[in-house]
Every structure is written in structure tokens, then in C-alpha cells.
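Subject: Structure for you to look at

Hello,

Here is the structure I said I would pass on. Please open it next to this message and follow along residue by residue.

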There are 2 protein chains.
Amino acid sequence: MRTRRTIRQYSDRDVPAELLNELLTVAMQASNTGNMQLYSVVVTRDGEQKKRLAPAHFNQPMVTNAPVVLTFCADVNRFVQWAACRKTEAGFANFQTFIAATIDAMLFAQSFCTAAEEKGLGICYLGTTTYNAGPIIEALNLPRLVVPIVTVTLGYPANPLPAQSERLPLAAILHEETYADYTPARIDALYAEKEALKVNQRFVAENGKETLAQVFTEVRYTKANNEYFSTAFLEVLKKQGFLTE
Amino acid sequence: MRTRRTIRQYSDRDVPAELLNELLTVAMQASNTGNMQLYSVVVTRDGEQKKRLAPAHFNQPMVTNAPVVLTFCADVNRFVQWAACRKTEAGFANFQTFIAATIDAMLFAQSFCTAAEEKGLGICYLGTTTYNAGPIIEALNLPRLVVPIVTVTLGYPANPLPAQSERLPLAAILHEETYADYTPARIDALYAEKEALKVNQRFVAENGKETLAQVFTEVRYTKANNEYFSTAFLEVLKKQGFLTE
């Protein structure tokens, strides 16, 4: 876990279905809300289906190049149907249950990824899933009360392995007893190492910016885009039954 | 990972700070959105602080009995402050960024839990955090753009270890290529083993219900409670700056 890195390029070696199923079974032992398992995963191996999914992920090449694409979903549908078959009605079409299902889906996804990496596989999370949840719902035929949360591409890593990406010092994210808010001096200290890395300085230059933060706020995650995709995702939550109009 | 179980009772053995910090550092290597690390964790060891947190978790005894309580938060505050110190402004006060930060926090939390379990520690996730996020924000002094998502209690397991809890068969949560919606016959098949377990039949009887599903929908996760806590959490998201009024 300490030496893990995200893998975006995969070898030709396929991932056997038995191995995939074994890893998913192990991952199901992750904690979840009340043991209701409010999640599901859609496995994509078919080339045509990958092409249908690709635009929703802004055509990042991993979607079509990886042998396996997994879409992890918050899924309340199965539970609601179980209740309907068992003389009761689940009042689960609401925001709090969506959050519980999202937590369940993430714990399951991350347990799966750790198990896969232990077996020598490589993974890449795509953060585009909640941006374009609508087209993904359509491509995967997801019913009401099911929302895709993250997508993971999976395969054996191609050589050479990419470099491990840096992280902030632990002090940046750790608070003892209560939250100690940041001062400009502490921000400087916590981000100094990250900003001094050659790879990040090159990233700033390539984007024609003055600071690393500007690349994130003005190029990669702009206010306009964040707001556009916020509205889109809130609409999806309404359409899938988790938010009232 | 295959034999893991949730631990709610802990031995007297303390968790050294060096070990805790090592595990958190390993967990930071988990994937996150654009390497922005939109999360933080508040560590509670102080008895008075545990007592302040306990009511927000409906006084579940783990909160005061575990040596360490960790509150994992979606945290956009640190990033926004970094941007402000670096000649730019982050347009991150919106719902999509909240979801990204929630995903980051969950991947970090679950990596931490897996690493902790590998070292012989036991964990319990508390799903109450998003129910009572308001009082937790107050107890931990969380600023705007920080929202608690899950709480984990941590310690060395007391003997004897609890039984491992059952899971649905993999077929219940796995969909190949597209989502195959359920039929009553499939629901019966997928839930048969779970419903036949003695521990679950006892659970139904203890709650004076006819079916296992009724215990969840009519006792543990009622529509009225889900809706009450949905409203409360949406209010918190507004107050913390992630949703507009």
C-alpha cells in the first residue's frame, strides 16, 4: 500500500473472470451501512460498451484500453425490491440514504482496489463519473435509485511503471482533538515540498501559469465547470429519486 | 481482508501515536481527486472530547470505549486557503466538489482501515456521522467547507472476537455489461441464505417482526428518520458552503 501508484497503461494480459470475482467477493467483506450492502458494480469488458462509456469520461484512453472497466454504484433499488417482496416498504428514496449508499459503494470500491493491487493488478480511478452520471446511467441501463459514483479501470500494469505521485505531509491533513485552521505561514510550510518538485514546476510551466494552485483552479477544476457539473449531478439525484424537486 | 470483521469491543492496550501516524501516512497513498487530497481527519483521544462526540453517535459505547476515534472529513477549506495564498481563487464551494471530497475522504478512510487491520487493530465504522453532522462540526470546531463523513473507532480487539457477519452472494451486487434488474424470484434466491441464518431469524423475533426486511424498514432505518436526517444533512451542506440556499 505504501508503494502503490495509479496505473493508466495496461499490458495485453487479460484479467480472468475467476480472479475478478474472487477480488470482488473479498471486497464485499468491507464494512457497510447496517449490512444492507447498498451498492452494486457493473463490469464492462465488451469493446462496444467501452466506446459508449468513453465520452462520459472525456475519452480518457484508459476506458477503452483497460481490459476491465468497473462502475461502482450507490444502489438502493435492490434493497427496495427486497422489502417489497417481504411485506414492507423501504422509505429509502431520500438524500441521507443516497449518502449511506455512496459510502457503502466507496468502501467496497477501495477494498476491491487494495485487493487487486495485492494480486499485482493496477487500477485507475476516474473522477468523471459524477460529472456525467446521466450518460453513464443510460449506457449501463441503471434504474431509479441507482447512481454511478466512481469508475475504476483495471488491468496488469504495462512496463515501465509510472512514478509514484507525491502526497502532502501528514500534518497537512491531521488534526488533534479539534480542527486547527490554517495560517498563510502554515500553508507555505505544508505545500513547500509539493511546489518544489520538478514535475510540478514543469506542470505549471506547461500550463502557462505562475503557481501550481492556478493550474487547478483556472485550468483543471474551474468554478464554471464545477458549478455546471454540480447542477447536472443534482438533476441526476432528482431523476433517480434521491432528491425531491 | 477475507476474514475481517468489525470490532466493537477493545482491549486496554493503547494505540501508539507513531503507529497511528504511520498507518495514516500509508493510507494517504490511496487515490484521490487530481491529487488535491480534499480530506482531513480529526483524531480524538481525550475522554472529554469523546463524551462530547458520543451523543451525536447516539451514545454507541464504542465512542467512549475505543482508545482512538477518527472523524474523516470532506475538506475543501485547506485547498481554498492554499489557492488564496497563491494568487488565485478556488471555485470549490459547490456540490460537485463536495462529492469529490467525500470520495477522497472515503478512499482515505478505507485504506486506513485496511492498513490498521493488517497490523492487528480492529475498527468499527459509525454511520451516524452524516445524521448528526451539525453537533460534530461544533464539537470538532470544523470550519466552512469541511463536513464530517464517517467516524471510525479504533483499538486492539478484545477477546473473544465477534463472528464475521454474512454477505449476499456476489451475484446480488454484480452486473455484467448492463444492469440486470431484479425479479421477485431472483430476490428470493439472492436473499435466501441470509434470511435462513439463525442469527437473522433471532433478530427478526427479537424485534417482533415477521420478516428481516421489516426490521430494517420499520425499526432501524424508517422513512421518517431517513427524511428527518436528510433535511438536517442538506442544511449542513448549505451552512458549510456546498449547497446554495
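Predicted model: local features only at pLDDT ≥ 70, side-chain atom pairs only at ≥ 80, totals over all residues.

How the two chains are arranged

Chain A can be superposed on chain B by a rotation of 180° with 0.0 Å of shift along its axis, and the RMSD is 0.0 Å. The two copies are thus related as by a two-fold rotation axis. Of the interface residues of chain A, 100% are also interface residues in chain B, so the copies meet through the same surface.

Which residues of helix 1 of chain A are buried? This helix covers residues 17-27, and the buried ones are Leu19(A), Leu20(A), Leu23(A), Leu24(A), Val26(A) and Ala27(A). Around the axis they cover an arc of only 160°, which puts them on the same side of helix 1 of chain A. The elements that cover these buried residues include strand 1 (39-44), strand 2 (68-75), helix 5 (95-118) and strand 4 of chain A, together with strand 5 of chain B.

In helix 1 (residues 17-27) of chain B, the buried residues are Leu19(B), Leu20(B), Leu23(B), Leu24(B), Val26(B) and Ala27(B). Looking down the axis of helix 1 of chain B, you will find its buried residues within an arc of 160°, so they line one face of the helix. They pack against strand 1 (39-44), strand 2 (68-75), helix 5 (95-118) and strand 4 (146-155) of chain B, and also against strand 5 (174-176) of chain A.

The nonpolar core

The largest nonpolar core has 184 residues. Which of them touch the most other members? They are Leu70(A), Phe98(A), Phe112(A), Leu70(B), Phe98(B) and Phe112(B). Take Leu70(B) as an example: leaving out residues up to four places away in sequence, Leu70(B) touches Leu20(B), Leu24(B), Val41(B), Val42(B), Val43(B), Phe112(B), Val150(B), Thr151(B), Val152(B) and Leu154(B).

Aromatic rings

Over all chains, a search of the whole structure finds 39 aromatic pairs. One of them is formed by Tyr131(A) and Phe229(A), which are stacked at 4.4 Å centre to centre with 20° between the planes. Tyr131(A) lies in the loop between strand 3 (122-126) and helix 6 (133-140) of chain A, while Phe229(A) lies in helix 10 (residues 223-239) of chain A, so the pair ties together parts that are 98 residues apart in sequence. Tyr131(A) and Phe229(A) are both buried.

Another pair is Tyr191(A) with Trp82(B): the ring centres are 4.4 Å apart and the planes are at 10°, so this pair is stacked. Tyr191(A) belongs to helix 7 (residues 184-196) of chain A and Trp82(B) to helix 4 (residues 77-84) of chain B, so the pair joins two chains. Tyr191(A) and Trp82(B) are both buried.

There is also a cluster linked by ring pairs, made up of Phe95(A), Phe98(A), Phe233(A), Phe242(A), Phe95(B), Phe98(B), Phe233(B) and Phe242(B).

Charges over rings come next. In chain A, the charged end of Arg13(A) sits over the ring of Tyr156(A), 3.7 Å from its centre. In chain B, Arg13(B) lies over the face of Tyr156(B), at 3.7 Å from the ring centre.

One residue of helix 6

Ala139(B) lies in helix 6 (residues 133-140) of chain B. Is Ala139(B) buried or exposed? Its relative accessible area is 3%, and the cut-off for buried is under 20%, so Ala139(B) is buried. Apart from neighbours within four places in sequence, Ala139(B) is in contact with Thr178(A), Gln49(B), Arg52(B) and Leu53(B).

Backbone details

The peptide bond from Asn159(A) to Pro160(A) is cis, with omega near -10°. Pro160(A) lies in the loop between strand 4 (146-155) and strand 5 of chain A. The bond from Asn159(B) to Pro160(B) is cis too, with omega near -10°.

Lys87(B), in the loop between helix 4 and helix 5 of chain B, has phi near 60°, a positive value in a residue other than glycine. At 58% relative accessibility, Lys87(B) counts as exposed. Asn141(B), in the loop between helix 6 and strand 4 of chain B, has a positive phi near 65°.

Regards

Methods: Residues numbered from 1 in each chain as written. Chains lettered and ligands numbered in written order. Heavy atoms only, no water. Buried < 20%, exposed > 50% of the residue type's maximum accessible area, 1.4 Å probe, protein only. Helix = DSSP H or I, 4+ residues; strand = E, 2+ residues; numbered from the N terminus. Arc of directions from axis to C-beta. Contact = heavy atoms within 4.5 Å. Phe/Tyr/Trp six-rings, centres within 6.5 Å; stacked < 30°, edge-to-face > 60°. Lys NZ or Arg CZ within 6 Å of the ring centre and 35° of its normal. Least-squares fit on C-alpha atoms with pLDDT ≥ 70 in both. Core = buried A, V, L, I, M, F, W, Y, C linked by side-chain atoms within 4.5 Å.
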